[in-house]
Amino acid sequence: MYKKPEFSEQIDDHYLLWFESSNSYSLVDDIFYKLLQHYFRSRTKEEFVKQLEDQYDYSADLSEHQYRRIEEYLQQFDIASESVGPPKTFINNRTFSSKYYTIGKQSVQLSFNEEKVLNLIHPMIAHLETESQDHIKLQLFIRYKDDELQLQKNENPIEIFPSSEYHKLQGRILFHLINLLHDTDEKDWMGLFHASAVSYKGRGLLFMGSSGSGKSTLVSLLSAHGFALLADDTVPIKSGDQHLYLNPSAVSVKEAALPLVQTFWPHTQSHTPGIVTKGKGNLTYIPMQEHLHTVGVPCSAVIRVNYQKDTPTQLTPLDIKSALETLIPESWISPNPQNAKSFMDWLTTVQFYELSYSDFQEVLPLLKSLK
């Protein structure tokens with residue numbers, strides 16, 4: 001018999017389950033959820049089969065089929081999540097070059113052994129660069145060696161990322177910068193979501209979607225029309241208040257969208273060419289935040305973006321299953337049970353929508369009118 005999920009939350013006519021051992025979420029319908037409850041109440045297969053025969057008048061064959069079906073379902077979550085600790089080694093940084101940045105009121109030193117390593121990170125935060133080397137709060141050392149990217153924070157042991165997974169290094173560094181800005185630690189966050197976010201009149205809107213769906217372009221345009229940018233590509237949500245918080249990174253704009261975005265953000269000296277990325281092509285990073293504030297904003301809506309040429313503008317409700325299939329896979333959600341419960345509770349407080357559009361001017365009144 002497999003272990004039952006640590007938490008379950010009813011959302012509409014489904015149940016969201018969280019399995020602690022694998023830090024996995026699963027959405028099931030009401031019928032399957034009831035069968036799971038019978039399974040977890042049973043001590044043996046025979047006891048489960050008898051429950052279904054007595055309560056639902058199932059045949060023995062059908063009851064045994066349901067038992068096998070549940071076991072196959074639960075088996076996928078009976079795997080411990082990766083928790084391999086970093087090697088107890090440190091980077092020799094005597095030959096490194098460095099750049100310096102100001103994050104809020106704090107200073108950051110970013111040191112690197114090769115220029116191509118710098119180019120992975122610097123474009124995202126070039127607008128925060130400073131000449132000052134005083135009062136360094138955070139030191140980040142990045143070394144490229146043997147087709148690996150190695151990261152060391154201050155005097156902590158290094159973390160290692162395959163060079164092909166450089167986006168994980170980028171995400172980790174952004175996490176360190178977010179913590180520095182907000183004076184937080186990893187345990188304080190419900191998750192870092194692969195999404196973009198803006199605020200309008202004290203409420204937050206979270207935009208999700210696959211790469212190329214138009215999230216970054218949309219928040220770029222919204223930020224030029226009365227909305228305030230919170231985060232692009234990586235949105236931090238705190239566990240305690242379930243609010244969206246600012247990510248200090250610039251907005252990454254794909255080559256195809258750059259002419260449109262530059263219409264509203266024309267100051268080319270603030271545009272920093274980025275790297276050529278797999279699946280995204282050429283990126284240009286444009287800073288769009290007026291200042292780096294530390295005040296969170298409650299999230300009123302989660303919106304899946306779907307930009308397509310000549311598509312009528314529509315903002316329609318999105319079912320929870322489709323929403324979670326988009327939001328969860330590429331996001332980091334805390335494995336801490338308290339934070340996982342916070343995430344599940346948060347899902348019951350927001351509205352989910354799908355936005356299809358081609359004309360941005362038609363989108364503005366729709367998003368401004370959301371409650």
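In which sense do β7 and strand β8 pair, and over how many bridges? Select residues 148-153 for β8 and 136-145 for β7: the two pair in the antiparallel sense over six bridges. Helices (H or I, at least four residues) and strands (E, at least two) are DSSP runs numbered from the N terminus, and two strands pair if DSSP finds at least two bridges between them.

Before going on, a word on what you have open. This is a predicted model, where local features need pLDDT of at least 70 and side-chain atom pairs count only at pLDDT 80 or more, while totals for chains, interfaces and linings use all residues. Residues are numbered from 1 along each chain as its sequence is written, and side-chain values use heavy atoms, with hydrogens and water left out.

**Stop 1: the six-stranded sheet**

Zoom out from β7 and β8 to the open sheet they belong to, which has the order β6-β4-β5-β7-β8-β9 and mixed pairing. Its edge strands are β6 (129-130) and β9 (159-162), each pairing on one side only. Now pick α5 (166-182): this helix packs on the sheet and touches β4 (97-103), β5 (106-112), β7, β8 and β9. The direction of α5 makes about 175° with that of β7; axes are lines fitted to C-alpha atoms, for helices over the stretch in contact, and angles run from 0 to 180 degrees between N-to-C directions. Click on Lys145 too, and you'll find it opposite Glu148 in β8. Then try Asn154, in the loop between β8 and β9. Asn154 has a positive phi of about 50° although it is not a glycine. Most residues other than glycine have a negative phi.

**Stop 2**

Of the 19 lining residues, select His176, Asn179, Leu180, Asp183 and Thr184, the closest to the centre. α5 gives the most to this lining, with six residues.

**Stop 2: the three-stranded sheet**

Next, find the open sheet with the order β1-β2-β3 and antiparallel pairing. β1 (7-11) and β3 (24-29) stand at the edges with a single partner strand each, so one side of each has no neighbour in the sheet. The twist averages 25° from one strand to the next. β1 pairs with β2 (residues 14-19) over five bridges, and Glu9 has Leu16 in β2 as its bridge partner.

Pick Leu27 in β3. Leaving aside neighbours within four places in sequence, Leu27 is in contact (heavy atoms within 4.5 Å) with His14, Tyr15, Leu16, Ile320, Lys321 and Leu324.

**Stop 3: two crossing helices**

Finish with α6 (residues 215-223) and α10 (residues 360-368), whose axes come within 11 Å and cross at roughly 75°. That makes α6 roughly perpendicular to α10 (65 to 115 degrees counts as such). Show Leu218, Leu221 and Leu222 of α6 with Phe360, Val363, Leu364 and Leu367 of α10 to see the contact.

How values were computed. 1 Å grid on protein atoms, 1.4 Å probe; cavity = no way out; pocket = protein on both sides within 12 Å on 5 of 7 lines; lining within 4 Å. Parallel < 35°, antiparallel > 145°, perpendicular 65-115°, else oblique.
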